[in-house]
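Visitor: Take me through one residue closely. Then widen the view step by step, with the cut-offs stated as you go.

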Amino acid sequence: MQQDSEQLQKDAHRDITNAANLDAIAAVRLAYLGRKGKLAAAQQDLASLSPEERKAAGIAFNEVKSGIERALEHRERELQDAQWDSIKESERIDTTQPFFPAREAGHLHPNTLVQRDLEEVAASMGFMVVDGPELDTDYYTFESLNIPKTHPARDAQDTFYIEGHPDWCMRSHVSNMQVRLLQQYGAPLRVAYPGRVFRNEATDASHEHTFYQFEALVVDKGLTIGHLVGVIKSLLRGLFHKDIEVRLRPGYFPFVEPGFEMDMSCLLCMGRGCAVCKRSGWVELLGCGLVHPRVLKEAGLDPRQWSGIAFGMGLTRLVMMRYGIEDIRLLMSGEERFLKQF
Amino acid sequence: MHISLAWLREYVDIPKEVTPEQIQRDLTLHSFEIERITRQGEMFDRMVVGIIREVKPHANADKLRVCSVDAGENTLQIVCGGSNLAVGQRVALALSGSRVKWHGEGELITLTDTEIRGVKSEGMICAASEIGRATGQEAEKEIMDLSSLKVPAGTPLAEAFGMNDTFIEVDNKAITNRPDCWGHIGVARELGAILGRKMHVPETPEVEVNKKEIALHAKIEASDVCRRWVGVAMNNIKVGPSPEWMARRLESVGVRPINVIVDCTNYVMYEMGQPMHAFDARAIQDSRIIVRKSRVDEKCVTLDGVERTLPAGIGVIADKNHVLALAGIMGCKDSMVVEDTTQIIIEAAWFDPLVTRKAATALDLRTDASARFEKTLDPTMPSRAIARVVQLILELVPGSTVASPVVDEGSSWKKSMLTKPLELHMGFLRERMGVEIPMARVGSILQSLGFVLKKTKKTGFVVVVPSWRATKDISIEEDLIEEVARMYGYDQIPEQYPRMSIAPAPRNGEREAMMRVREALALGRAFTETQTYSFTSLETLQKMDLDPSAHVAVANPLSREQTHLRRSLLPNMLVQVSQELRSSERVMRFEIGKNFRAELQGEQTRLHSGEYLPQQHVFVTGVVAMRGDSVPFTAARDAAVHVLQTLGVDVTLRGTEQLTNWMHPGRSVSIRVGDVVVGEVSELHPRYMDRLGLRDRVGFFEIDITALVPHITAQSKYHPLSLYPSVKRDLAMVVPEHVHYEHVTRVMREADPLLTHVEGFDVYRGEHVQTHHKSLAFHLEFMDVTRTLTSAEVDAALARITEALARECDAAIRA
């Protein structure tokens, strides 16, 4: 009896090892563990033994059975894994082939992308983000900003005026919002206002009569030139995800005093000097300053009590800088080949 | 404006070690932007004076010679075809790396060492034309003979020509607020203050009359044009060319020398910034000058030779009968100083900036003079300018005399327009700058710029503003702070971070909605965002049958393309799309922007004015066109519904009576919130396809985002998930054409509460479907949140639905 089960075990292991594929192993399983298999037959033989013999033989039989089961499972897994190995070749495809027909995604205008970034940074710094009238009065666009009709700065502002309303114009800058916002919300105030502006000037690769600006205004107590630099640098850090070196130089805008131009270190050459920054290492970035006391007064605030910082930049110029767009006219062209790149 | 560094050095010592680049940087950082610096002799870089030591024939060319040329440090071999080569001759020697004009023609080319017919040549002996010095007298193939310049071999050519100056180009826009910097003295003062150097402006003696030969009179009749007129007469003038130094100096700042008298007036303008004019005294009847306004149809010929009919009411300088000059702009030909002029009257005046600018604009004539008067010049300057020009003329025209006392009309007015002394509080200075500056430093900065410290107190100064800054530029304490801060150095002010409230900023529903709409269309429906102008053209309005008078018109449009403001984004978008459809099979676009509607109320023109600007709501407009899609309405509707669902606005879409003429009468709906129309979805009326050159049908939607904002709900609605499975069935039916999809789905939903989801997936017309009917097919989903449905229950529900469909929609169920 003992010899029989040893023989059975040997035969089973041989057959299992020799099974070359999953079909063969299934046949082996059936031949040994099936209802009419060799183990079933051997189990029937146990019945003819004496109770004592049967107990010992039963234990031996169970060991043989579980040994065969384990060997079968092991071999099965081996054969299965071998099959997975082969799909590398049998199911190989061209992974460079795109989906047909091509699926189109939509596109946001590059101006929107940059504006959204600016708005998000400003909002995260506690700025309210708003817009206002594009057609506005001469009062909000100029007069209230310390730019009376006699002011030479009006020369530089080639403004579109409105037929039948000599005191209405298409805003030539988003600064038309300054006094309007202060009247509406009072002080203290932190607000940013990107928007569309208009200049009556001929169009070419670098000039458009319609473009976008981004301006921000903070009115609070005790604001200094140092604060102006700190706030702008924080915004730039948020926008460019790194510290940006800046420098202030005198600049003239009638609605700030003192007024500055701010340059930033050229991002292309890291300030070493290149064609883009005309070898100066600096790129003109924005105009800024402390809000002129006349503007604060116009907004009903006491300029001895309140102070303000304001800075404004060409959003369109930022878009062109970010993407290296060489012709400003493309932005309003509606060219599909242009719009689909963003 | 061009500034000559050599000229600046007359008024301020600039240490030798200060490079032009440093001056550029210093002025840019402390005063105003310097656009560029140019060295006068730049074109002569890598060119030296050479001395020919030997001339030998060229073995392979009859017309060429091989010269040995002493270049100072070494002797070079040069092949040259010059006809006048001679040993001992000084020549202009261009070394490799220099840039010359080949045979005097075309672009500059860079020289390199080369071989000419097998013989090495280490540079070039230049003809005058090759280095831009031709006079027109040169013979062909003649090289430039510099033997008259007694300089050693190797002397840089620029130095040999006396061209050592450097020019600074100031951006005129950067000095619109700085009338004082429109002359060299003003710029020198800035530079002196930056470098810590004292100014030395030459003293000008008072004008002394030699002999009262001319009875000069002046009368200001138009005091709004001219507030001060100063003049003097001179006799025994001989008009000839200016001396070399003055001609050169004027040329260096871009002014063409004319004659000694005109040049002297221009010299003073570029020195002090005061424009002046010299008249031939013969042209002025009785030597009586009148400053008045032009009359209707008055004519004159200006110095530029143009005959002009003057607009009425501009300022003129005249005598009894004639216009002599356009005030502050340009003189007239009849009264100009010419070769045989012997007596002159010189004018220096203060013309009103606004009046001058208006006149220059009306005449379309901008001059160096008008550009300066527009900036509000120092009203004390005219008398000093007269004294200075008299000094120059007496010096440069031997024998000339002063023939009248200085006439000074309106001089009493000047004080009233200057800024009164200002107080500067140290506390306020510190508060605005954010840094403490020692009081002594503040005082010395102000003094270096010409401010006078009238009183010094513990808390600050009383400051007298110099007249050249006191016209407008400096008028309040903040202006003084700027002066101190810019000279102290903005880079010396440490950056600070303000302490502020951390309360979140108020939200702006409109801007949030704009961004959500953009994302819904671009991400959810694959639309591409575009932008069009706010302006539109009469042509486009006419094409679309729009009434121009209902559109806000631009008073001064840039071109015929931009005469009116849009009331809808659609027309400009359609123009764009029609162009795009020439090359694209499919266009799906949207734009978000403002429309201008004057009959509706926008924001107030001014606080409490009670007057209103045109309404300027933000709209989103989408346009869809696809080749082969004969009903793009559906795609437009789908996009519009997606937008509205994204915003969570409860709207109804239904047919509208308020058709715009461009809307397709059978394919349009209005979008309503309650009873208020906030937009529409439509197809373009086919009549406009031809006019716009469209081959394909176009669907569009327009939604007034501003009007929607109050109805936007913040969040999506959540329903708990059922624990029990749903049962899915498909249902197809044929209904008459007039039965609407929405009606069918509503009937189904209302027929049985177990039906939780209805989704159409096919519409079919044609074979096997009778005419004026359509076949509709739906996926239906049944569910009960409390238990699993049995097949029998679903069948019963389906039976109720089909029964309702048959009854209310005249539907025949297809097996």
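Guide: B:F451 counts as buried, because it has 24 C-beta neighbours inside 10 Å. The label buried needs 20 or more other C-beta atoms within 10 Å of the residue's own; 12 or fewer means exposed, anything in between partly exposed, and C-beta atoms are placed from the backbone. This is a predicted model: local features need pLDDT of at least 70, side-chain atom pairs count only at pLDDT 80 or more, and totals for chains, interfaces and linings use all residues. Residues are numbered from 1 along each chain as its sequence is written, while chains are lettered from A and ligands numbered from 1 in the order in which they are written.

B:F451 sits in the loop between α11 (439-448) and β26 (452-456) of chain B. Helices (H or I, at least four residues) and strands (E, at least two) are DSSP runs, numbered from the N terminus. Leaving out residues up to four places away in sequence, B:F451 touches B:L446, B:V463, B:V464, B:V465 and B:P466. Contact here requires C-beta atoms, placed from the backbone, within 7 Å. B:P421 is 30 residues away along the chain from B:F451, and their C-alpha atoms are 9.9 Å apart.

Next, helix α16 (residues 633-647) of chain B. Its 15 residues should span 21 Å at 1.5 Å a residue, and the end C-alpha atoms are 21 Å apart, so the two agree. The expected span is 1.5 Å times one less than the number of residues. Buried residues of α16(B) include B:F633, B:R637, B:V643 and B:L647. The buried residues of this helix pack against several elements of chain B, among them α13 (509-525), β34 (618-626) and β36 (663-673). Just past the helix, B:G648 has a positive phi of about 70°.

Of the contacts in chain B between residues at least 6 apart in sequence, 70% join residues at least 24 apart.

Last, the partner chain. Chain A puts 63 residues in contact with 74 residues of chain B. Helix α9 (residues 225-240) of chain A gives the most to that side, with seven residues. The chain A side divides into 30 nonpolar, 18 polar and 15 charged residues. Nonpolar covers Ala, Val, Leu, Ile, Met, Phe, Trp, Tyr, Cys and Pro; charged covers Asp, Glu, Lys and Arg; the others, Gly among them, are polar. Chain A itself is divided into domain 1 (2-90) and domain 2 (110-339), and the C-alpha centres of the two lie 84 Å apart.

Note on methods. Two residues are in contact if their C-beta atoms, placed from the backbone, lie within 7 Å. Domain bounds come from an automatic or database domain assignment.
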